[in-house]
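Let us go through this structure step by step, beginning with the surroundings of its ligands and moving on to an annotated domain and a sheet.

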Amino acid sequence: MAKPVQIEVWNPNGKYRVVSTKPMPGTRWINLLIQQDCRVEICTQNKTILSVEDIIALIGDKCDGVIGQLTEDWGDALFSALSKAGGKAFSNMAVGYNNVDVNAANRYGVAVGNTPGVLTETTAELAATLSVAAARRIVEADAFMRGGLYEGWLPHLFVGNLLKRQTVGVIGAGRIGSAYARMMVEGFKMNLIYYDLYQATRLEKFVTAYGQFLKANGEQPVTWKRASSMDEVLREADVISLHPVLDKTTYHLVNKERLAVMKKEAILVNCSRGPVIDEVALVEHLKANPMFRVGLDVFEDEPYMKPGLADMKNAIVVPHIASASKWTREGMATLAALNVLGKIKGYPIWSNPNSVEAFLDENSPPPAACPSIVNAKAIGLPVSKL
Ligand SMILES: NC(=O)c1ccc[n+]([C@@H]2O[C@H](COP(=O)([O-])OP(=O)(O)OC[C@H]3O[C@@H](n4cnc5c(N)ncnc54)[C@H](O)[C@@H]3O)[C@@H](O)[C@H]2O)c1
Ligand SMILES: O=C(O)[C@H](O)CO
């Protein structure tokens, strides 16, 4: 039996008990729950990743809903405990929900929320940052400078790659992949090649229109191509950014064979999920190809890196911070809380989970709807007419 976990309580006499497994940024999410008669319990235990046992202890005998984190294993054991405690609402504070067994949630009739829309640009900005930082060897150069090694300007010092007019490749051109593509096309006038199971029509229209604008101004237009295979992107692109969901079809999508297809001086960026890349194969590839560079926000066995990765100068590694802007993290907390609150109050689901501005406007009350419930159909939640 796990030891009781440390908590902070808000509005102790609230009718509905909502638990958050972590303190989350901002206070709006707490206030919105309190205004709707919730007692809010926030786990303040000094432990980064809570175990299933810790969370079962937090849920206790009576719990109406839980806001959880992507580091937690939300499977049968937790949904069963939540259901036994009378709860029917859970939300990840994340858009990705590969840590959640949605079928298990369905069996217990528990709604599973996520937080799309609010983190698209912030995450795409980090992917763009890693792309530029890798191209221009920023982290290596910073370490060199701080190490007192700079003796003066030299023609060969930290020569990197020019992005302008090169080709940017996007694997998974959904919300974040498309936002990243637009940044690289518009910011660096890169040509686009993408691979997705679906056509990214809006993205294609954007690149076409931007190309026409450039042409009208006497500049070379940018181009786009939807690749018929992922290998086509890997072969042709100079910078490749991964943005698919993590599921069985994308596990080790980039493996030894696919790394071998890429250009020797290519840049690979991953802000999706670590297991999309076979990290052991990546380390070998980085060792064998010193001009190949990567920018990684996510890792196969977080919080760990595979042996050898930390020693690679051609790798930039950051600790899963792609959505870490203040506005986004506060918004994610708000959306997660409103998913849970909406289910508790019996609200319908919002008709377009990609368009969540109405929930984020601090100057007006949020709509009476759940912003994004991924299993709404399976558990029979109606769609809002708002
Ligand atoms: N690093 C971070 O902090 C961070 C932040 C936000 C999101 N993410 C990750 O990014 C993922 C994408 O987020 P999103 O909001 O853009 O989701 P999204 O659903 O809008 O886009 C995902 C895209 O991947 C495509 N896809 C699925 N399987 C594919 C395959 N086998 N090959 C090619 N494409 C495939 C889908 O068709 C879709 O267009 C999330 O699921 C999450 O795991 C990470
Ligand atoms: O899926 C997500 O939302 C990220 O990994 C954290 O923002």
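In this predicted model, ligand 1 has 30 residues around it, and the ones that come nearest are Gly96, Gly172, Gly174, Ile176 and Ala322. Sorted by class, the shell of ligand 1 holds 15 nonpolar, eleven polar and four charged residues. Among the elements that contribute to this shell, helix α7, which spans residues 175-188, gives the most, namely three residues.

The surroundings of ligand 2 consist of Leu70, Ala94, Val95, Gly96, Leu119 and Ser323, and by class they comprise four nonpolar and two polar residues, with no charged residue.

For residues 130-322, an unreviewed UniProt entry lists the domain "D-isomer specific 2-hydroxyacid dehydrogenase NAD-binding". Over this stretch the chain is 35% helix and 15% strand, and the C-alpha atoms at its ends are 10 Å apart.

We turn now to a sheet. Six strands form an open sheet with mixed pairing, in the order β1-β3-β2-β4-β5-β6. Because β1 (7-10) and β6 (111-113) stand at the edges and have a single partner strand each, one side of each is left without a neighbour in the sheet. From one strand to the next, the twist averages 20 degrees. In general, the strands of a sheet pair through backbone hydrogen bonds, in either a parallel or an antiparallel manner. Here β1 pairs with strand β3 (residues 38-43) in the antiparallel sense, over four bridges, and Val9 stands opposite Glu41 in β3.

Key: Residues numbered from 1 in each chain as written. Chains lettered and ligands numbered in written order. Predicted model: local features only at pLDDT ≥ 70, side-chain atom pairs only at ≥ 80, totals over all residues. Near = placed C-beta within 6 Å. Nonpolar A, V, L, I, M, F, W, Y, C, P; charged D, E, K, R; others polar. Helix = DSSP H or I, 4+ residues; strand = E, 2+ residues; numbered from the N terminus. UniProt positions renumbered as here; feature names shortened; annotations may be inferred. Pairing = 2+ DSSP bridges. Axes fitted to C-alpha atoms, helices over the stretch in contact; angles between N-to-C directions.
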